[in-house]
Amino acid sequence: MGTADAGTPRRGGVEVLELTVRNDQYQAVDLGPAGPSLGDMDVYSGTIVKDGRSVGRGGGSCQVVQLDGGVVTAQCVITLEVEGGSLTLQSLWTRRSSAPLDMAVTGGTGSYATARGTVRFWNIGTPAERARAEIQR
C-alpha cells in the first residue's frame, strides 16, 4: 500500500486528496419489518485509489435514524486507512439523494491524529464513486 499524500497538493495548510472508491463488499441488513425501518443498516468496504493505484482501504456503515414519508435518513460512519494512519468520518445522509455527501473528519490516527476537515463523496455506491478530502492537520 502506498502513501495517500505523496505528491498531494496543499493549499494554505490544507491537504487535498482526489480519490476513487472501489467498493468490494456490501450487505444490507433489514432489521425491522420488510422495507425501510429504524435501525436498518448498510455495511460496506472497499479500496481507495489515487492516480490509478491503491493507496488504502476503507469501510463503514450507515444506519437508518429517521423516516419521513419516503425520505430515509441514515447516520454514516466511515474509517479510511492509508499509510501513515487512518481518518474517521461521520455525517447524516439522505438515501437516494443525488446531492454530494459531505462528511466531517472527526479524527484520525498516526500522521492524521490531529486531522479535521471534510470529505465530499459523489456517485455513492456506483462504479463511478469518488471523493475529495480536504484535511487540516
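Here is a quick tour of a cavity, a serine and some paired strands in this structure.

The model is predicted, so local features need pLDDT of at least 70, side-chain atom pairs count only at pLDDT 80 or more, and totals for chains, interfaces and linings use all residues. Residues are numbered from 1 along each chain as its sequence is written, and side-chain values use heavy atoms, leaving out hydrogens and water.

S86 counts as buried because its relative accessibility is 11%, where buried means under 20% relative accessible area with a 1.4 Å probe, protein chains only. Its side chain makes a polar contact with the side chain of T109 at 2.9 Å; that term means a pair of N or O atoms within 3.5 Å, one able to donate a hydrogen and the other to accept it, and residues adjacent in sequence count only if both atoms are side-chain atoms.

Now for the strands around β2 (14-29). Two strands pair if DSSP finds at least two bridges between them.

| Pair | Sense | Bridges | Partners |
|---|---|---|---|
| β2 and β9 | antiparallel | seven | E15 and I135 |

What classes of residue make up the lining of the largest cavity? It has ten nonpolar, no polar and no charged residues. β2, β5 (71-82) and β9 (130-136) each supply at least two residues of that lining.

Note on methods. Helices (H or I, at least four residues) and strands (E, at least two) are DSSP runs, numbered from the N terminus. Ala, Val, Leu, Ile, Met, Phe, Trp, Tyr, Cys and Pro count as nonpolar, Asp, Glu, Lys and Arg as charged, and the others, Gly among them, as polar. Buried means under 20% relative accessible area, exposed over 50%, partly exposed in between (1.4 Å probe, protein chains only).
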